[in-house]
Amino acid sequence: AWYSYNYAMYALKGRFEMGEDAISKDAKHSYYYAEDVLKGRFEMGEEVISKDAKYSYSYDRHVTKTLL
């Protein structure tokens with residue numbers, strides 16, 4: 001997940017579809033991928049994000065923006 005996120009963020013500077021499966025298995029990197037790379041929802045990673053209180057709250061607040 002870390003390598004795929006970093007490749008998307010720093011090398012591609014955008015979406016990395018081939019790495020999304022790996023990213024979606026990790027709450028931290030799913031959250032940061034959504035916030036930093038996609039600048040919006042990452043539906044594939046939402047299930048794993050929802051199982052981590054910290055990243056679930058941050059995702060809701062900073063990505064989906066339902067908590068203001």
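Predicted model: local features only at pLDDT ≥ 70, side-chain atom pairs only at ≥ 80, totals over all residues.
Residues are numbered from 1 along each chain as its sequence is written, and side-chain values use heavy atoms, with hydrogens and water left out.

The secondary structure consists of 5 helices and 0 strands, where helices (H or I, at least four residues) and strands (E, at least two) are DSSP runs numbered from the N terminus. Along the sequence, the pattern is α-α-α-α-α. The radius of gyration, taken over C-alpha atoms, is compared with a globule rule of 2.2 Å times the number of residues to the power 0.38. Its value for the protein chain is 11 Å, close to the 11 Å given by the rule for 68 residues, so the chain is as compact as a globular protein of that length. Along the principal axes, the C-alpha atoms fill a box of roughly 30 × 20 × 15 Å.

Helix 1 (residues 2-12) packs with helix 3 (residues 27-38) at an angle of about 5°, and their axes are 10 Å apart. Axes are lines fitted to C-alpha atoms, for helices over the stretch in contact, and angles run from 0 to 180 degrees between N-to-C directions. Contact, meaning heavy atoms within 4.5 Å, is made by W2, Y5, A8 and M9 of helix 1 and by H29, Y32, Y33, D36 and V37 of helix 3. In helix 1, S4, Y5, N6 and A8 are buried; the buried residues of this helix pack against helix 2 (20-23) and helix 3.

A nonpolar core is a set of buried Ala, Val, Leu, Ile, Met, Phe, Trp, Tyr and Cys residues joined through side-chain atoms within 4.5 Å. The largest such core holds 14 residues, of which Y31, Y33 and Y59 touch the most other members. Helix 1, helix 3 and helix 5 (53-64) each supply at least two residues of this core, and helix 3 gives the most, with 5 residues. Beyond its neighbours within four places in sequence, Y59 is in contact with Y31, A34, R41, F42, E46, I49, T64 and K65.

Notes: Buried < 20%, exposed > 50% of the residue type's maximum accessible area, 1.4 Å probe, protein only.
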